[in-house]
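I opened my notebook to look up a few local features.

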Amino acid sequence: MEVSLSFEVSSSKDLSIMVDQLRASTTITVALEKFKKVIPTFTPEQAIEMSKKHNGVLAGERNGMKIEDFEIGNSPVDINNYTTKKKVLILTTSNGTRILKDMTAKTILIGGLINAKAVAEAAVEKATSHIDLVMAGWKGNFTIEDYLACGEILYQINRIKQRKNLNIEFSEYSQSAILASRDEFALIEHILNSGSANRLEKLGLSRDTDFCLKKNISNNVGIYNQDVIKPYIPKQ
């Protein structure tokens with residue numbers, strides 16, 4: 001099996017993992033604790049239409065800020081603290097949901113630091129030939145937090161490879177991400193000092209950055225299929 005790392009566009013037709021570390025991957029993973037499904041949309045207008053259709057909670061941001069008249073922003077902390085009887089979350093973000101729109105792999109998973117181990121296990125279980133991790137970035141630009149989060153997921157895939165003695169080959173780009181993610185102090189420092197974290201700090205949302213740094217605290221893995229994200233159910 002081949003494992004690779006890409007930016008914005010996946011090179012796999014088999015299985016892709018979308019990684020938007022600050023904050024969509026974390027938001028979606030947390031949301032699956034409270035909602036039966038998350039529907040990603042690509043414009044605020046589409047989100048409003050879907051919310052009416054599905055009686056869903058409206059969540060989203062543009063340039064990091066909560067969209068006016070939406071109930072929640074793209075905030076894992078706010079969603080974690082949110083109380084509702086509604087079962088559907090409608091989410092639109094600047095980067096993560098945009099990347100999902102263009103993915104064409106047979107299986108698409110959502111991953112980040114919060115569920116790195118769980119998404120690695122799901123990917124190895126589900127893939128047949130090629131796992132590609134796709135960094136969402138920020139408005140077409142590389143972001144260090146996505147790269148380091150991918151490194152943690154790749155590290156977990158490598159651990160599965162070693163434990164189960166699997167035939168998995170990592171691209172050199174993937175290997176470099178694993179190496180970069182192994183220094184825990186440096187990982188935290190570089191994410192906290194990233195452009196994305198600085199933008200969130202200016203908006204008073206540093207609490208979201210801190211929450212997104214939590215590693216392997218969730219077993220939830222979102223699987224995107226037919227325009228909807230639901231929890232991945234492992235094989236028994």
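I began with N55, which I found in the loop between α2 (44-54) and β4 (57-62). Helices (H or I, at least four residues) and strands (E, at least two) are DSSP runs, numbered from the N terminus. This is a predicted model, where local features need pLDDT of at least 70, side-chain atom pairs count only at pLDDT 80 or more, and totals for chains, interfaces and linings use all residues. Residues are numbered from 1 along each chain as its sequence is written, and side-chain values use heavy atoms, leaving out hydrogens and water.

**Backbone entries.** I read a phi near 50° for N55, a positive value in a residue other than glycine. Most residues other than glycine have a negative phi, and most peptide bonds are trans. N55 is partly exposed, with a relative accessible area of 48%. I used these cut-offs: buried is under 20% relative accessible area, exposed over 50%, partly exposed in between (1.4 Å probe, protein chains only).

Next I checked D69, in the loop between β5 (65-66) and α3 (76-81). D69 has a positive phi of about 75° and is not a glycine. D69 counts as exposed, because its relative accessibility is 69%.

I then looked at the peptide bond from L22 to R23, and it is cis, with omega near 20°. R23 sits in the loop between β2 (15-19) and α1 (24-31).

**Strand entry.** Is T107 buried or exposed? T107 counts as buried, at 6% relative accessibility. I placed T107 in strand β7 (residues 107-111).

**Helix entry.** In helix α8 (residues 184-192), I listed A186, L187 and I191 as the buried residues. They fall within an arc of 125° seen down the axis of α8, so they line one face of the helix. That arc is taken from the directions from the helix axis to the C-beta atoms.
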